Amino acid sequence: MKRRQFLTAAAAMGAATMLPRSWAYAQSRADSLRVLSEGAANSYDTISVGVNRQSIQVTWNVYDRLVTFGYKDTGDGVGYYDYFDIQPQLAESYEIADDQKSITFKLRKDATFHDGSPVTAEDVKWSLDRVVASTIGVSQFRTGSMTSPDQFVIVDDLTLRIDLPQPDRFALPNLALTYPIIVNSKLAKQHATAEDPFAMEWLKANPAGGGAFKVAKAEIGERMLFDRNDDWKSGKLPGFQRVLWQTVQAAETRVASLVRGDADIVQDLPPKDVLTLLDNDKVKVVGVPTTSFQFIGMNGQIAPFDNKLVRQAIAYALPYDDMFKTALFGRGRPLHGGKPGRPDTIAYPQESGYDTDLAKAKALLTEAGYPDGFNTTFSYDLSLSTIAEPVALLLQEALAKIGIQVEIEKVPAGQLGTLLQEKKVPFYFEGSTSYLSDPDYFFRVFYTGDSRWNFGAYQNEKFGELVKASRYEADKAAYEDQVKSMIEMVKDDIPIIILWHPALEVGMQKDIMGYSYTFHRQLEMKTLYRG
C-alpha cells in the first residue's frame, strides 16, 4: 500500500490537514488516548494479501462482526477473551438450529455504517461472500465448513441464515475472528471492478465500516487518529472520544514517553524494559500469558530446507537458552526440549523434543549431504526487531559452528507477510497465534494447505489424512490418538521450530482502566477508559 493511497483516503474523509508531529491530545486529556507502538498497519482490510498483524488494530475497532467473544476478569483487573462466550455484536441475537446445521442472525434495527447508511442483511451477505472469495479468508472459513456464497442466505432485510453441510463446532467462533468484518457494501461496490468485484484493492486503503471508532486522519507508517462513533449501537460506547496511535520504532523513545506521561499506552514493550518499568511507581505494566508463538521458519519448498535432516540439524544447533534469555529476558514459556517422539498430552504447541546438541546437528547435516554446510539467508520483519535481532545474531553464530553461513536480511515492516504468502523466503523468524484452541485446528491452519499460514510449506499426505479424520471425530480416545500421532510426525519432520510462547506486556499510565486481552494481541480500544 502506498503513502499516496492513505493520504487520498484521509482527504476523502474530510481531513484537510495531517496531524502535526507535536500533536499530543485533542480537546481534554480525559477524553483522549495516545498509544505508541513499534509497528504500523499496512492495510485497512484483514484479508488483503500481505496484511500485517498491526492492521488488526485498525479493523478490530473500525468494523463490527456479527458476533464477538465476551471478556471475563480473572481477578487481576484485566479482561480476558472467553472462547466459550460468543455474544451478539452487529447481530441482535442468533439461533442455532436443532440439527446444528444452520445459524440464523437477527440484525440490530438501528445499526448504521459510518456514513449513516443502514446496515442490512445484504451488506452482511456481501461481506461474508467476500471472505470466501479471498484466499486468506476462505482458508480460515473452511475450518468452520463455510466455503460457498450459497451458504449465506438472506431471509429478510434484517435476517441472515448460514447453512452448514454438517454440524461444525468451529462455525460460530469463526464469525468472531478478525476476517468477517461487515463492510458497507453500498460504498464499496462503487469502487468495485470486473476484475475486482469485492473492491479488495480499494478497501486496502479505505475504511468502510460501522464499528465503534472511525478513522479521522491517517499517515501510513506514522500515525492514525480515531474518532469515537457516537452512533454505534453494537455495544457500550467507548470511554475515549479520540485515540491517537503513533508508530515509534525506537523502544527507548516509547518507554521514555510513557515515563514522562506523554503517552498513555505503550505496546510492544521489550522484555528488558519491562524489568525496568516494573520498578517504576509512576506507571503500570500489564503482562498477559498468551497462546501466540514465535518460531524459526524453514521453507520446505526450497532446498536445502526440503530435506528433513537439514531441518533436524538446525533444530539441534539452535542455542535455545541463550535466545530465550537474551531476546525475552526469560519472560514467556520456552517450547524447546521435552520428550522426543510420541507425546504424553495432546496440548499443542508443546515442547519440541529438540535441545542444543551441536555434535548431533553436525552428524545430521553430514547425513543430509552437507558435510561442509551451506550458505543461506535469514530474514525478519523490522517491526519485530527488538526480539528478532538477538535471535538472528545468536542463530548466525550457532549455525556457523556446523558450517552453515547465514546472511541476515532485515525486511521493511509489513513486507514479510507478502513474501511469506508467495513462499519466497527460505529461512526466517516470525510469530503467529492460533485463534481457536483445539490442536486439530492448529494443525489444519499451520501444517496443511498452501496458505501463508503453512509457514513451512509442509506437505505430508499421511498427516493430512489424520487432520481430516480428526476434524469431526466424536470419540475422545480416537481423537486423542490421532492428535498424538500428528504431534509425533511434526516432531520428526519439524516443518517449523517453535521457540516459545511470549508474554504480551503493555505499559500504561495508572489511570488507564479497562485493558482487555484478545486472541489477536492487538489493542481493544472499546473497553478502555480513564479512571
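Mentor: Two strands count as paired if DSSP finds at least two bridges between them. This is a predicted model, where local features need pLDDT of at least 70 and side-chain atom pairs count only at pLDDT 80 or more, while totals for chains, interfaces and linings use all residues. Residues are numbered from 1 along each chain as its sequence is written, and side-chain values use heavy atoms, leaving out hydrogens and water.

Trainee: How do you know that β4 pairs with β5?

Mentor: Five bridges join β4 to β5 (residues 102-107); the criterion is at least two, so the strands pair. They run antiparallel. In β5, Phe105 is the bridge partner of Tyr94 and Ile103 that of Ile96. Strands are DSSP runs of E, at least two residues; helices are runs of H or I, at least four; both are numbered from the N terminus.

Trainee: What takes a positive phi in the hairpin of β4 and β5?

Mentor: Gln100, with phi near 60 degrees; five residues lie between the strands.

Trainee: How do you know that β5 also pairs with β7?

Mentor: β5 and β7 share five bridges, in the antiparallel sense. Thr104 stands opposite Arg161 in β7.

Trainee: What is the strand order of the open sheet?

Mentor: β4-β5-β7-β6, with antiparallel pairing. β4 (91-96) and β6 (152-156) each have a single partner strand, so they stand at the edges, with one side of each left without a neighbour in the sheet.

Trainee: Why is Leu275 called partly exposed?

Mentor: Partly exposed lies between buried (under 20% relative accessible area) and exposed (over 50%), with a 1.4 Å probe and protein chains only. Leu275 is at 37%, so it counts as partly exposed. Leu275 lies in helix α9 (residues 271-277).
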